[in-house]
Amino acid sequence: MDMKRPFESIVTAHAQTVLRVCRVVVGTHDADDAWSETFVAAMRAYPELPQDANVEAWLVTIAHRKCIDIIRAKQRHAIPVDEVQGGPSSLGIPGAENHDLWDAVKALPPKQRQAVAYHYLVGLPYAEVAQILGGTADAARRAASDGIITLRSTYQGALSEGAPR
Amino acid sequence: MNDHTRSDRTRSDRARSDRARSDRARTDGPLPGDTGDMDMAALFAFTSADQETLARLHRTLEAAASRQGLLDVAYTTVDTPVGPLLLAATERGLVRVAYDCEDHDKVLDTLAATLSPRVLRAPRRLDTAAREIGEYFAGRRTGFGLPLDFSLSSGFRQTVQRHLSQIAYGRTESYKEVARIVGNPKAVRAVGSACATNPLPVVVPCHRVLRADGKLGGYIGGLAAKTALLNLERAA
C-alpha cells in the first residue's frame, strides 16, 4: 500500500538542513539556486522513492549533485569558485565568529566542505557520506576530520576573542 | 539526470544499517578533531537560515514546480465564518474543499495517497477559488465559476454531486427530490451518502439538500456550518 506523505511535509522537515548543506558546499550566494534545484528534482522523483528510503540522505545526495553542477558551471565560465561564493555580510548576524567561520569554510578544499556538511552538519554516517562522495568511508572520515579541525579551531578562536571586531 | 535517485532506490534499509554498523566499528578510534558531536549545533549555527529566507525559497519552489508540470496537487487554507477551509486543486480544477473538523493533515495524506504524493502548499493556483469563496461568504456571490475536478468521486455519487450545482442559491431540495431528478427515485439513501462524501462542500452546495420533513439531515462540516450557510443564503 502506497502511503507516501505529501511532498510538502518533506519540504517542511528538511528545508533548513538542505539549505545549510548548500551554503557550506557552494556558499550563501549560490545556495538558494542549489536549494531550489534540489527540491524541484526531488519533487520530480518523489513518487518513485521507495517507502523505506532515508529521505534525508536522498535529499543530501541530490543537493550534492546540484552543488557540483553549480560549481562546474562556474568553472566553465572561468570564474574562480572562491570568489563567487557569497560572504556572510548580508546574512545572519554579522558577528566576528560568523565572519571567521564563513572564511574558514570557504578556504576548505571542496571535499572537506562536503564531508563536513554531510557528516557533521547532517549527521550521516561515513559509509553514507562515502556513497555520496565516491571513495571509501575512511577517506570520507579523514576529509571530515581535517575539515572539522579547521572549523573547530576557528570557532574556538572566535569564542575566546569574544566581542565582535 | 536521475542516476542518483535510481541508485538510491536500489538501497535497502538492511544494507543501509549494515553499512552504518561497520562504519561505526571502523570509527571507534577517533581521529583528532573527531571528538563527539556535542557542540556541532553551536558550531554550525552560523549556517542557519531565517524563516523569511525559507518562505522565499518555498515560493520559488512553488513557481518552478508549477512551470515544470510537477504541481499535481496545490493547496492553501482560507479563513471563513465556518472556520478555516482547506482548498486543493489539480491542474484540472478545484478538487477538494475540507472543513477543519475533517482534519486537514489527514485530508492531505488522503490526497497524496489517492491523487499524487506531489502535494505542495502553493496558494497561487487557489487564488480564484479563495476570492470567490470570500465573495460568497460576504454575500456578494451566488454561484461559482471555477473549473472543478470531480476525480475524487465516481459513479452515482458523482452524478448526484454534479447535479447539486443546479440547485439555485437560497433554494433547497430534499434527498428524495434529488433522487428523482437524477433518475433514481429509490436511491434516497445513496443521495444522502453522495452528499456526505461531497469532496467540494460549499462550492458544490450539498448544504442545499435537506430531509423531506424540512430537518437538516447531515453535513460534512457539521450541522452548525450547514445552518450558517443556509442562513447566509436566506439573508442575502
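**Figure 1. Crossing of helix 6 and helix 7 in chain A of the predicted model**. The axes of helix 6 (residues 110–121) of chain A and helix 7 of chain A come within 10 Å, and the two cross at roughly 140°. Helix 6 of chain A is therefore oblique to helix 7 of chain A. The crossing of these two helices is right-handed. From helix 6 of chain A, the residues A:Lys111, A:Gln114, A:Ala115, A:Tyr118 and A:His119 take part in the contact, and they meet A:Tyr126, A:Val129, A:Ile132 and A:Leu133 of helix 7 of chain A. By class, the residues of this contact comprise six nonpolar, two polar and one charged.

**Figure 2. Surroundings of A:Ala130 in chain A**. A:Ala130 is found in helix 7 (residues 126–133) of chain A. The residue is classed as buried because 23 other C-beta atoms lie within 10 Å, the cut-off being 20 or more. Apart from neighbours within four places in sequence, the contacts of A:Ala130 are with A:Gly135, A:Thr136, A:Ala137, A:Ala139 and A:Ala140. The C-alpha atom of A:Ala130 is separated by 8.4 Å from that of A:Ala115, a residue 15 positions away along the chain. A:Ala115 itself belongs to helix 6 of chain A, where it takes part in the contact with helix 7 of chain A.

**Figure 3. Secondary structure and burial in chain A**. Chain A contains eight helices and zero strands, and from the N terminus on its elements run α-α-α-α-α-α-α-α. Of its 165 residues, 51% count as buried. Among contacts in chain A with a sequence separation of 6 or more, 69% are between residues 24 or more positions apart.

**Figure 4. Packing of helix 1 of chain A against helix 4 of chain B**. Helix 1 (residues 7–26) of chain A and helix 4 (residues 51–67) of chain B pack at an angle of about 110°, and their axes are 11 Å apart. Helix 1 of chain A is therefore roughly perpendicular to helix 4 of chain B. The crossing of helix 1 of chain A with helix 4 of chain B is right-handed. On the chain A side, A:Val11, A:Ala15, A:Gln16 and A:Leu19 of helix 1 meet B:Leu54, B:Leu57, B:His58 and B:Leu61 of helix 4 of chain B. This contact has six nonpolar and two polar residues, with no charged residues.

**Figure 5. The two domains of chain B and the side of domain 1 that touches domain 2**. The domain assignment divides chain B into domain 1 (52–137) and domain 2 (155–235). The C-alpha centres of the two domains lie 25 Å apart. Eleven residues of domain 1 of chain B are in contact with eleven residues of domain 2 of chain B. On the domain 1 side, strand 3 (94–98) and helix 6 (127–137) of chain B each supply at least two residues. Strand 3 of chain B gives the most to this side, with four residues. By class, the side of domain 1 of chain B that touches domain 2 of chain B has ten nonpolar residues, no polar residues and one charged residue. As context for this view, chain B has ten helices and six strands. Of the 236 residues of chain B, 33% count as buried. Among contacts in chain B between residues at least 6 apart in sequence, 61% join residues at least 24 apart.

**Figure 6. Contact of helix 7 with helix 9 in chain B**. The axes of helix 7 (residues 155–164) and helix 9 (residues 188–196) of chain B come within 9 Å and cross at roughly 75°. Helix 7 of chain B is therefore roughly perpendicular to helix 9 of chain B. The contributing residues are B:Phe156, B:Arg157, B:Val160 and B:Gln161 of helix 7 and B:Ala190, B:Val191 and B:Ala194 of helix 9 of chain B. They divide into five nonpolar, one polar and one charged.

**Figure 7. Surroundings of B:Leu229 in chain B**. B:Leu229 lies in helix 10 (residues 223–235) of chain B. B:Leu229 is buried because 22 other C-beta atoms lie within 10 Å. Leaving aside neighbours within four places in sequence, B:Leu229 is in contact with B:Val202 and B:His207. The C-alpha atoms of B:Leu229 and B:Ile167 are separated by 14 Å, and the two residues are 62 residues apart along the chain.

Definitions and conventions: Residues numbered from 1 in each chain as written. Chains lettered and ligands numbered in written order. Predicted model: local features only at pLDDT ≥ 70, side-chain atom pairs only at ≥ 80, totals over all residues. Domains from an automatic or database assignment. Contact = placed C-beta atoms within 7 Å. Nonpolar A, V, L, I, M, F, W, Y, C, P; charged D, E, K, R; others polar. Buried ≥ 20, exposed ≤ 12 C-beta atoms within 10 Å, placed from the backbone. Axes fitted to C-alpha atoms, helices over the stretch in contact; angles between N-to-C directions. Parallel < 35°, antiparallel > 145°, perpendicular 65-115°, else oblique. Left-handed = near helix turned anticlockwise from the far one by under 90°.
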